[in-house]
Amino acid sequence: MKSKIWLSSPHMGGNELKYIHEAFDSNWVAPLGPNVNGFEADLESFLADGVQVAALSAGTAALHLGLVNLGVEAGDEVICQTMTFSASANPIAYLGAKPVFVDSEADTWNMCPKALEDAIKSRAMATGKKPKAIIPVHLYGMPAKMDEIMAVARKYEVPVLEDAAEGLGSTYKGRQCGTIGHMAALSFNGNKIITTSGGGALVCQTKEQKDHVVFLSTQARDTAAHYQHSHIGYNYRMSNIVAGIGRGQMEVLKDRIAARRSNNAFYQDLFKDIEGVTVFTEPSEDFFSNHWLSCITIDEAVCGKNREQLRLALLEDNIETRPLWKPMHMQPVFQDAPYYGTNVAEKLFDRGLCLPSGSNLTDEDRARIAKAVRAFFK
């Protein structure tokens, strides 16, 4: 059997072990230490805008603590983009709050600002109070229309928690994704543009916010010689070992972004003469995507083929692809949640496919993908 071409596999830079060895040599293996501080400082420097970063155990943990810091409680409603992975919505349920899902718009595949405003007005009329927070997602690295989303958020005074798990290194009108909302979550899962094996971070606007996040993520221990707790805490802090991987990965982040964008250019060229296939790219110069995953949509009415047929054909050649995220309002676990919009996200799910996008794809890998794609459409 041919070797596996993965959708998005980890890609080490070489210096990760240096930081890990330093942690072992100094016996800093707890959820604190020089690597944690250094990784946070590296992220703060990269994101700029004076942000403060708290390194955590997962992107999901970051979303959870972000909602806690924004005051979300049981019975509240939180607006979430429907076209996303379940980790964007699950922390809403952790808090006993209720998700309200909003459709995508066609050019960025992200939260539709018009549907967002419709949802806020409708929920206020239905419940007598506004939603407590808004979670837009920078899907597959494509920035959401943050100016329009933030304008709606300001109009109704609802804070925004950016889900930038897929968007590290992407920019919107020159600003880094993750620095535009009131808070933002990052992910360093094994398939992300850089990885710490498992890990995440919460991007804060002030030192006070970060300090509170760190406090909550380390079991909310009060200042005392004994163990005393006045708040519910969580075991969410990133370990010094894991952060060492992150420090090594930050050294190659810009290279990883360039490689992923190069993959997207490869797919644009590969599909340029195949009618009915559209490669997901930036709608204008306002958007700079890291192209964490390169995706396509296939119009079966035009080309006579569908995305599932292509997925299975590539699987026969041991090439991993995956349908787009199934919208959250279509998931059994959220079947009773309110939904606002039309059917943009549903159409994207029906037609869309994520293609191999790792920064470690070789020329041989791309040649094999191209050969398999051309054979399928021939």
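Q: Where is aspartate 103 found?
A: Aspartate 103 sits in the loop between β3 (98-102) and α5 (113-127). Before we go on: this is a predicted model, where local features need pLDDT of at least 70, side-chain atom pairs count only at pLDDT 80 or more, and totals for chains, interfaces and linings use all residues. Residues are numbered from 1 along each chain as its sequence is written, and side-chain values use heavy atoms, with hydrogens and water left out.

Q: Is aspartate 103 buried or exposed?
A: Buried means under 20% relative accessible area, exposed means over 50%, and partly exposed is in between (1.4 Å probe, protein chains only). Aspartate 103 has a relative accessible area of 1%, so it counts as buried.

Q: Which residues does aspartate 103 touch?
A: A contact means heavy atoms within 4.5 Å. Leaving out residues up to four places away in sequence, aspartate 103 touches a list including Thr82, Asn110, Met111 and Cys112, and also Tyr339, Tyr340, Gly341 and Thr342. You can check a distance too: the C-alpha atoms of aspartate 103 and methionine 83 are separated by 7.1 Å, and these two are 20 residues apart along the chain.

Q: How do I read a strand, say β2? Which of its residues point to which side?
A: In a regular strand the side chains alternate between the two faces of the sheet. In β2, Glu77, Ile79 and Gln81 are on one side, Val78 and Cys80 are on the other, and all are buried. That's five of the five residues of β2 (residues 77-81), so the strand is largely enclosed by the rest of the structure.

Q: And which strands does β2 join?
A: Strands of a sheet pair through backbone hydrogen bonds, either parallel or antiparallel. The rule used here is that two strands pair if DSSP finds at least two bridges between them. β2 runs parallel to β3, with five bridges, and parallel to β4 (residues 133-135), with three bridges. Look at valine 78: it stands opposite proline 99 in β3, and its bridge partner in β4 is alanine 133.

Q: How does β8 pair with other strands?
A: β8 pairs in the parallel sense with β5 (residues 161-163) over three bridges, and it runs antiparallel to β9, joined by four bridges. For the β9 pairing, find alanine 185, whose bridge partner is leucine 202. β8 (residues 183-187) has five of its five residues buried, so the rest of the structure largely encloses it. Met183, Ala185 and Ser187 point one way, while Ala184 and Leu186 point the other.

Q: What is the strand order in the open sheet of four strands?
A: The order is β10-β12-β15-β13, and the pairing is antiparallel. β10 (277-279) and β13 (322-323) are the edge strands, each pairing on one side only. Three bridges join β10 to β12 (residues 294-298), and valine 279 stands opposite isoleucine 296 there.

Q: Which are the edge strands in the sheet of three?
A: That open sheet has the order β7-β6-β11 with antiparallel pairing. Its edge strands are β7 (175-176) and β11 (287-288). Two bridges join β6 (residues 171-172) to β11, and tyrosine 172 stands opposite phenylalanine 287.

Q: Now the whole chain: what does its radius of gyration tell me?
A: The radius is taken over C-alpha atoms, and the globule rule is 2.2 Å times the number of residues to the power 0.38. With 378 residues, a compact globule would have a radius near 21 Å, and the chain has 21 Å, which agrees. The chain holds 13 helices and 15 strands, and 56% of its residues count as buried.
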